[in-house]
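Please open the structure in your viewer and keep the sequence beside it. The tour below goes from one selection to the next.

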Amino acid sequence: MLTAYTGRMLQRLDFRGRNLTRAELAASLPRASVDIDAALEAVRPIIERVRREGAAALRDLAERFDGVRPESLRVPQETIDDAEARLMPELRHALELSIEHNRAGHRAQLPTPAQTVIVPGGVVRQRWIPVERVGLYVPGGLAVYPSSVIHNAVAAQVAGVSQIALASPPQKEYGGLPHPTILAACKLLGITEVYAVGGAQAIAMFAYGAAGSEEADGPVLCEAVDVVTGPGNIFVAAAKRAVHGVVGIDAEAGTTEIAIIADAGANPRYVAADLLSQAEHDPAAASVLITDSEDFADACEAELAAQAAATKHAERVDTALRGPQSGIVLVDDMAAAVRVADAYGAEHLEIQTANAREVAGRIRNAGAIFVGPYSPVPLGDYMAGSNHVLPTGGTARFAAGLNVFAYIKPVQEIEYERDAMASMAGPLTALALDEDLPAHADALKVRLS
């Protein structure tokens with residue numbers, strides 16, 4: 001039941017005393033109004049045009065959507081080198097530290113090969129093989145995201161990918177090239193194949209490749225990739241859905257969202273700051289507080305109003321917080337808060353409660369879980385060692401954040417000796433004949449005759 005609170009920034013939903021089903025919870029929670037079908041219809045002609053026309057279409061689409069026509073769709077190496085050389089020392093240190101922490105966090109994800117003896121003389125080996133070529137997308141709309149370069153690239157590099165291409169929108173103020181800090185991050189990571197291409201057209205370029213249209217492009221501007229990863233707006237997410245199957249994708253990561261479970265003992269200043277930190281990304285960003293204390297909700301909202309008025313992107317924040325995608329959800333207790341959080345499936349979920357680690361252990365659906373008062377989401381955005389490319393829009397029910405598994409494939413090797421194969425002949429023949437596939441049985445029989 002939605003209750004209007006005059007003068008407050010966030011809508012309130014009062015679930016106290018109501019035993020809602022999972023489906024009722026999911027339908028009642030704050031969500032942005034997203035029409036993925038309309039977005040798919042919008043991006044399909046773009047994808048098809050890039051597929052047909054290659055670089056010529058990419059230049060036209062950049063002029064249309066980014067307000068600039070790139071002279072060089074592939075960024076010259078000297079431009080990348082120059083961007084890195086001009087980095088301020090403090091920013092260089094921050095980028096290098098983020099890379100170091102992300103490498104450590106992602107190395108811990110690597111699986112180990114295994115061999116299992118099924119029967120004497122018969123083994124199955126489990127191998128993990130990296131894909132050969134990936135396309136990484138880094139958005140460049142309202143903000144610049146060198147951190148997304150790091151979070152995409154480090155996971156791919158740790159996985160062992162041999163060819164990495166990266167695309168980011170051309171910027172009018174930088175002569176049709178991506179933002180210099182994006183290019184500098186690429187240099188620090190050793191990425192040399194960088195394209196000034198944004199939006200759905202970048203996803204299409206990666207999925208199908210792109211022929212050159214000018215002498216500087218060469219006959220082939222960009223070769224097709226095996227996997228596309230990276231966050232973006234609804235049109236990037238729709239394009240990834242459209243090409244899934246032609247290439248692999250990580251997830252349809254859209255506009256950012258945060259949910260915070262907080263009890264009466266939480267610090268309202270901390271919670272308000274964290275809700276605001278994600279709201280400043282985008283007017284469509286979602287900030288949701290789940291609490292069993294109405295007094296805390298009031299205190300948090302008062303803090304939020306004060307902090308929002310003083311922040312740099314106050315207008316953007318105000319739009320995000322007052323939108324249908326943001327709100328405060330009142331629940332009876334922490335058990336109910338966990339049920340609401342699981343129904344919501346937040347991209348980022350903070351737990352600021354007593355026994356926060358125990359509460360976090362009960363969560364099933366979240367892109368990433370931030371435990372305790374000193375683990376705010378911005379740590380994960382930049383320095384924590386986790387990945388910030390995470391599932392949004394409730395897809396955390398079945399999707400994971402970006403990790404090394406997006407770039408590696410499990411492959412089984414089966415090796416049986418003659419006697420081991422022979423020991424399987426009787427049972428295999430019984431199954432093959434039951435399925436009316438006698439040639440399956442004959443494949444063993446010919447080896448034993």
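Which residues point one way from E5, and which the other way? Select the strand and look along it: Arg 133, Gly 135 and Tyr 137 point one way, Val 134 and Leu 136 point the other way, and all are buried, where buried means under 20% relative accessible area, exposed over 50% and partly exposed in between, with a 1.4 Å probe and protein chains only. Strands (E, at least two residues) and helices (H or I, at least four) are DSSP runs numbered from the N terminus.

Before going on, note that this is a predicted model, in which local features need pLDDT of at least 70 and side-chain atom pairs count only at pLDDT 80 or more, while totals for chains, interfaces and linings use all residues. Residues are numbered from 1 along each chain as its sequence is written, and side-chain values use heavy atoms, with hydrogens and water left out.

Because five of the five residues of E5 are buried, the strand is largely enclosed by the rest of the structure.

Now select Tyr 137, which lies in E5 (residues 133-137) and is buried, with a relative accessible area of 4%. Leaving aside neighbours within four places in sequence, its contacts (heavy atoms within 4.5 Å) include Asn 152, Ala 167, Pro 169, Val 197 and Val 236. The side chain of Tyr 137 also reaches the backbone nitrogen of Gly 199 at 2.8 Å.

Finally, centre on Gln 201, in helix H8 (residues 199-208), which counts as buried at 4% relative accessibility. Not counting residues up to four places away in sequence, Gln 201 touches Ile 46, Val 50, Leu 58, Leu 61, Ala 62, Phe 65 and Asp 66.

Key. A polar contact is a pair of N or O atoms within 3.5 Å; within protein, one must be able to donate a hydrogen and the other to accept it, and residues adjacent in sequence count only if both atoms are side-chain atoms.
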